[in-house]
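Please keep the sequence and the structure in view while reading.

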Amino acid sequence: MQGGRRRELARLWQVAVRRPRWQLWVAAFVSLWTLCWIFGQLAAHASSPLDVLRGGLGWADVPTGWLDAVTDWLRADRRQPLLGLLAVAGGLLWASTTERNQLPALLGWLAAMVAAEGIGYAGAIDRALLSLAAFIAVLLLFSIPGRRAFVLRRVVLMPRDVLHAGVTAATLSAVVPLLAPGFVLVRLCRPYVTRPPRASEMEIAPPAGTALTNGDPHGVVEP
């Protein structure tokens, strides 16, 4: 059981980092931003996403006056319904995440953070998670009639596939905040781990106990 769980975690990590290089850099930035934002909720005065960005830019002596204008614009009362819909859209982006296309997970977190600037952490995350769960539940409900269907000439919804896709989408979206510390941990531990031989190396290396020949199938190289 433990071995299977470790293999699944290793596979999940490989899937999460299987992105184009530019997307890895974007994922690392979004991961660090969201992680600081999540931990910022534990402080006495909870930090908003732009508060986190403002603190980082201020530490680097980058002007942050423009962030104040963006904050005031997003926190206007008349924009709260629109930001609530943006949080729902973030959850739907999470739901559309697949192993081959993980960009929606990043966009979903960005949408949730923009929404949270106006309606708060709980309001944005709750709406995003609710829309994610509701979308999967609706598809699961519609898939019940096709649970015994044969996929031959038409596309059908099958409960097992819907559930698998939903779990994959939720997991790959939830792992986004852990990407940045994961990159650092993997880079630090890489020189200290022992990797098994690759399949190509095993094919090149002769089996143990096999005599080396000089090209003649009947000859053996003398020592």
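## How helix packing is described here

Helix axes are lines fitted to C-alpha atoms over the stretch in contact, and the angle between two of them runs from 0 to 180 degrees between their N-to-C directions. Two packed helices are described by the angle between their axes and by the distance between those axes. The model discussed below is a predicted one.

## Overall make-up

The secondary structure of the protein consists of nine helices and zero strands, so that, read from the N terminus, the order of elements is α-α-α-α-α-α-α-α-α. Of the 223 residues in the protein, 31% are buried. Among contacts between residues at least 6 apart in sequence, 63% link residues that are at least 24 apart.

## The nonpolar core

The largest nonpolar core has 29 residues, and the members that touch the most others are Trp-37, Trp-94 and Trp-109. At least two residues of this core come from each of helix 2 (21-40), helix 3 (49-59), helix 4 (65-74), helix 5 (80-95) and helix 6 (103-143). Helix 6 contributes the most to this core, with 13 residues.

Trp-37 lies in helix 2 and, at 1% relative accessibility, counts as buried, because the cut-off for a buried residue is under 20%. When residues up to four places away in sequence are not counted, Trp-37 touches Ser-47, Ser-48, Pro-49, Val-52, Trp-109, Ala-112, Met-113, Ala-116, Tyr-121 and Ile-125. One of these partners is Val-52, and the C-alpha atoms of Trp-37 and Val-52 are 6.3 Å apart in space although the two residues are 15 residues apart in sequence.

Trp-33 is also found in helix 2, and with a relative accessibility of 16% Trp-33 counts as buried. Its contacts, leaving aside neighbours within four places in sequence, are with Pro-49, Val-52, Leu-53, Leu-110 and Met-113. Trp-33 and Pro-177 are 144 residues apart in sequence, while the distance between them, C-alpha to C-alpha, is 8.0 Å.

## Helix 3 and its neighbours

How do helix 2 and helix 3 cross? Their axes come within 9 Å and cross at roughly 110 degrees, which makes helix 2 roughly perpendicular to helix 3, and helix 2 passes helix 3 in a right-handed crossing. Trp-33, Cys-36 and Trp-37 of helix 2 make this contact with Pro-49, Val-52 and Leu-53 of helix 3. By class, the residues of the contact of helix 2 with helix 3 are six nonpolar, no polar and no charged.

Helix 3 also packs with helix 4, at an angle of about 175 degrees and with the axes 11 Å apart, and that makes helix 3 roughly antiparallel to helix 4. In this contact, Leu-50, Leu-53, Arg-54 and Leu-57 of helix 3 meet Trp-66, Leu-67, Asp-68, Val-70, Thr-71 and Leu-74 of helix 4. The contact of helix 3 with helix 4 has seven nonpolar, one polar and two charged residues. Within helix 3, the buried residues are Pro-49, Leu-50, Val-52 and Arg-54, and what covers them includes helix 2, helix 4 and helix 6.

Asp-61 is placed in the loop between helix 3 and helix 4. Although Asp-61 is not a glycine, its phi is positive, at about 60 degrees. Is Asp-61 buried or exposed? With a relative accessible area of 70%, Asp-61 is exposed, since the cut-off for an exposed residue is over 50%.

## Helix 6 against helix 7

The axes of helix 6 and helix 7 (residues 159-174) come within 8 Å and cross at roughly 165 degrees, and the two helices are therefore roughly antiparallel to each other. The crossing of helix 6 and helix 7 is left-handed. On the helix 6 side the contact involves Ala-105, Trp-109, Leu-132, Ile-136, Leu-139, Leu-140 and Ser-143, which meet Pro-159, Val-162, Leu-163, Gly-166, Ala-170, Leu-172 and Ser-173 of helix 7. The residues of the contact of helix 6 with helix 7 divide into 11 nonpolar, three polar and no charged.

How values were computed: Residues are numbered from 1 along each chain as its sequence is written. This is a predicted model: local features need pLDDT of at least 70, side-chain atom pairs count only at pLDDT 80 or more; totals for chains, interfaces and linings use all residues. Side-chain values use heavy atoms; hydrogens and water are left out. A nonpolar core is a set of buried Ala, Val, Leu, Ile, Met, Phe, Trp, Tyr and Cys residues joined through side-chain atoms within 4.5 Å. Buried means under 20% relative accessible area, exposed over 50%, partly exposed in between (1.4 Å probe, protein chains only). Helices (H or I, at least four residues) and strands (E, at least two) are DSSP runs, numbered from the N terminus. Contact means heavy atoms within 4.5 Å. Angles under 35 degrees count as roughly parallel, over 145 as roughly antiparallel, 65 to 115 as roughly perpendicular and the rest as oblique. A crossing is left-handed if the near helix is turned anticlockwise from the far one by less than a right angle, and right-handed if clockwise. Ala, Val, Leu, Ile, Met, Phe, Trp, Tyr, Cys and Pro count as nonpolar, Asp, Glu, Lys and Arg as charged, and the others, Gly among them, as polar.
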